[in-house]
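Me: I'm new to this one, so could you walk me through its charged pairs? Here it is.

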Amino acid sequence: MGDSSEALPDPIADKSDDDDYVPPEAKTVEELMAEKDGEDEAMQRYKASLLKSAASAKTDDPRRVVITEMQVLFTDRDPIVFDLSNPEVLKNVTFVLKEGCQYKTQLTFRVQNEIVSGLKYKHVVKRMGVAVDKTEEMLGSYGPSLEEITTKSYKALCIRYACPRAQVNTVVFPRRAWEEAPKGMMARAKYTVKTSFVDDDKQEHLSFGYSFEIKKDWA
């Protein structure tokens, strides 16, 4: 769902902010906790408490990433909220975007059982079967936890191991400016979207589709 004036975009190129990203070596929580080279005693104690927290995030649910909600945020009206506890229902969902409206996408998810490295959000927007927009957003790497941790020691651990913001996470993108929906007569049409979440190991954690229609007004 990219910018446009009176015509649809030409065949699209990827919009990605991680072209130079190099995936780190995949490691379990226990492997990270075992690495002690150069650490002081305080960091080792903190890592021990983190391991306890990670253990509490072990569940009978084998999923590592649980994406619970997606919202389309607007500058001048209430958001459109998708409950992703059952993404299959989105196959029958079509919502309206007013041409030229400004919007962002907000995702809520948690990580459980094991670390997830390099989680990415991807979507492809098609009109009449032809791709008109393809976006890839790097969300980051996350440690397993069911409760928020925000201490300075934890942030230091994140920087060192390129992993962890253990919490129930909310991310919004674009992170800075608002996205603008296409506008003009040629842009008014129905579009289909395929959305997926994958990590550095190429594991797909969730995939779903939905539709939207660009109109002259919200109705």
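Me: Is Lys 183 buried, exposed or partly exposed?

Reply: Keep in mind that this is a predicted model. Lys 183 has a relative accessibility of 36%. Buried means under 20% and exposed means over 50%, with partly exposed in between, so Lys 183 counts as partly exposed.

Me: Which side chain does Lys 183 meet in a salt bridge?

Reply: The N to O distance for this pair is 3.3 Å, and the cut-off for a salt bridge is within 4 Å.

Me: How far apart are the closest N and O atoms of Asp 61 and Arg 63?

Reply: Asp 61 is partly exposed, with a relative accessible area of 22%. Arg 63 counts as partly exposed too, at 42%. Their salt bridge brings the closest N and O atoms to 2.7 Å.

Me: What about Asp 199 and Arg 64: how many residues apart are they?

Reply: These two form a salt bridge, with the closest N and O atoms 2.9 Å apart. Asp 199 sits in the loop between strand 10 (190–198) and strand 11 (204–215), while Arg 64 is in the loop between helix 2 (41–56) and strand 2 (65–74). The pair links distant parts of the chain, and the separation is 135 residues.

Me: Are Asp 199 and Arg 64 buried or exposed?

Reply: Buried calls for under 20% relative accessible area. For both Asp 199 and Arg 64, the label is buried.

Me: And how many salt bridges does the structure hold?

Reply: The structure's total is eight.

Methods. Residues are numbered from 1 along each chain as its sequence is written. This is a predicted model: local features need pLDDT of at least 70, side-chain atom pairs count only at pLDDT 80 or more; totals for chains, interfaces and linings use all residues. Side-chain values use heavy atoms; hydrogens and water are left out. Buried means under 20% relative accessible area, exposed over 50%, partly exposed in between (1.4 Å probe, protein chains only). Helices (H or I, at least four residues) and strands (E, at least two) are DSSP runs, numbered from the N terminus.
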